[in-house]
Amino acid sequence: MQKAQKPPHATLEIVMTCINTSPQFSQATARSEHRPFSLLADGLRFDTSAQFIELALDLSQGIKTCLSLIYASHLAREEGDDACPPVLNVADTECLTRMAMAAAGVLSERAGSHIDILNALHMKDEQTLSN
């Protein structure tokens, strides 16, 4: 009885090693200095209203940038001037359009959530005052 032959790739082993050639940057002493970017002062970073306003500003600026690039690309395509080609190709234009739509959707959903919370708080306050 013959043994089943293993395919050549099944017998190939790759051994990977990690060598730390830089002892002054050992994992024990390395500490992250990264701090997430925020437009808010430290005292406002945990305020939900301030966080929403920051998000709205960030997303609206991103949407504006996307739409500006899309518009400039459409104009360049319409003009057809080889000396001034579109900033974006058609595929990239479509991707940025979808990204702007998604960003607007996130902004809309978050705004709706905030309105729901504010309305619930208002109704609770009205009920407390009427009792």
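Author: Angles between axes under 35 degrees count as roughly parallel, those over 145 as roughly antiparallel, those from 65 to 115 as roughly perpendicular, and the rest as oblique. The model discussed here is predicted, with local features needing pLDDT of at least 70, side-chain atom pairs counting only at pLDDT 80 or more, and totals for chains, interfaces and linings using all residues. Residues are numbered from 1 along each chain as its sequence is written, and side-chain values use heavy atoms, with hydrogens and water left out.

Reader: How many helices and strands does the chain have?

Author: Helices (H or I, at least four residues) and strands (E, at least two) are DSSP runs, numbered from the N terminus. The chain comes to three helices and zero strands, running α-α-α from the N terminus on.

Reader: At what angle do α2 and α3 pack, and how far apart are their axes?

Author: Two packed helices are described by the angle between their axes and the distance between the axes. Axes are lines fitted to C-alpha atoms, for helices over the stretch in contact, and angles run from 0 to 180 degrees between N-to-C directions. Here α2 and α3 pack at about 155°, with axes 9 Å apart, and they are therefore roughly antiparallel to each other.

Reader: Which residue classes make up the contact of α2 with α3?

Author: Ala, Val, Leu, Ile, Met, Phe, Trp, Tyr, Cys and Pro count as nonpolar, Asp, Glu, Lys and Arg as charged, and the others, Gly among them, as polar. The contact of α2 with α3 divides into 17 nonpolar, six polar and two charged residues.

Reader: What share of the chain counts as buried?

Author: With buried meaning under 20% relative accessible area (1.4 Å probe, protein chains only), 15% of the 131 residues of the chain count as buried.

Methods. Buried means under 20% relative accessible area, exposed over 50%, partly exposed in between (1.4 Å probe, protein chains only).
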